[in-house]
Amino acid sequence: AVVSTQSTGAAVIMRIREPRTTALLFNSGKMVCTGAKSEEESRLAARKYARVVQKLGFPAKFTEFKIQNMVGSCDVKFPIRLEGLYAQHGQFSHYEPELFPGLIYRMLRPKIVLLIFVSGKVVLTGAKDRNDINAAFECIYPILKNFKKK
């Protein structure tokens, strides 16, 4: 594994090519791994980082692995009237197009944040597992269909 490192002061940044991920290693011994495309890839990458740290002479152990945040994205293939969505779902959403082009929708169950764009692209984040992502999409899709641009 090719590893590149750089220090930010509070953490060391490491990168590997396969699976293509980035890790932040903190002096507390904790590590955050980002960029993996699946749960399995994330676990494999975290193991590889732990192995690199061991090879550098540190007494690293691979323990307490958990997924903290999953991100999903999709395209509903139709444009969305964000103003209308915001007008009717204001209690769950935030929309300031002059600051950010997407509507931020905070779903309560499952507890997921969605970024919804006029183009029909949707980013879902904050999930602990992929079932939350799927459930959030199943929940939002009928709502988005109601705000399809004519």
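This is a predicted model: local features need pLDDT of at least 70, side-chain atom pairs count only at pLDDT 80 or more; totals for chains, interfaces and linings use all residues.
**Ground rules.** I number residues from 1 along each chain as its sequence is written. Local features need pLDDT of at least 70, side-chain atom pairs count only at pLDDT 80 or more, totals for chains, interfaces and linings use all residues, and side-chain values use heavy atoms, with hydrogens and water left out.

I looked up the largest pocket and found about 1500 Å³ of space in it. A pocket here is an open set of points on a 1 Å grid over the protein atoms alone, where a 1.4 Å probe fits, with protein on both sides within 12 Å along at least five of seven lines; lining residues have an atom within 4 Å of a point. The volume is the space filled by probe spheres set on the points, which are joined across faces, edges and corners.

I then checked the lining: it has 45 residues, and Met31, Val32, Cys33, Ala46 and Lys66 are the closest to the centre. Helix H1 (39-55) is among the elements that give two or more residues, and H1 gives the most, with six. Helices are DSSP runs of H or I, at least four residues, numbered from the N terminus.

**Rings.** My search of the whole structure turned up six aromatic pairs. Rings of Phe, Tyr and Trp (its six-membered ring) pair if their centres lie within 6.5 Å. Phe78, Phe137 and Tyr141 make up one aromatic cluster.

**Cys139.** I placed Cys139 in helix H3. Its C-alpha atom is 9.1 Å from that of Pro110, 29 residues apart along the chain. Cys139 counts as partly exposed because its relative accessibility is 37%, between buried (under 20%) and exposed (over 50%), with a 1.4 Å probe and protein chains only.

How values were computed
Rings of Phe, Tyr and Trp (its six-membered ring) pair if their centres lie within 6.5 Å; planes under 30 degrees apart count as stacked, over 60 as edge-to-face and the rest as tilted.
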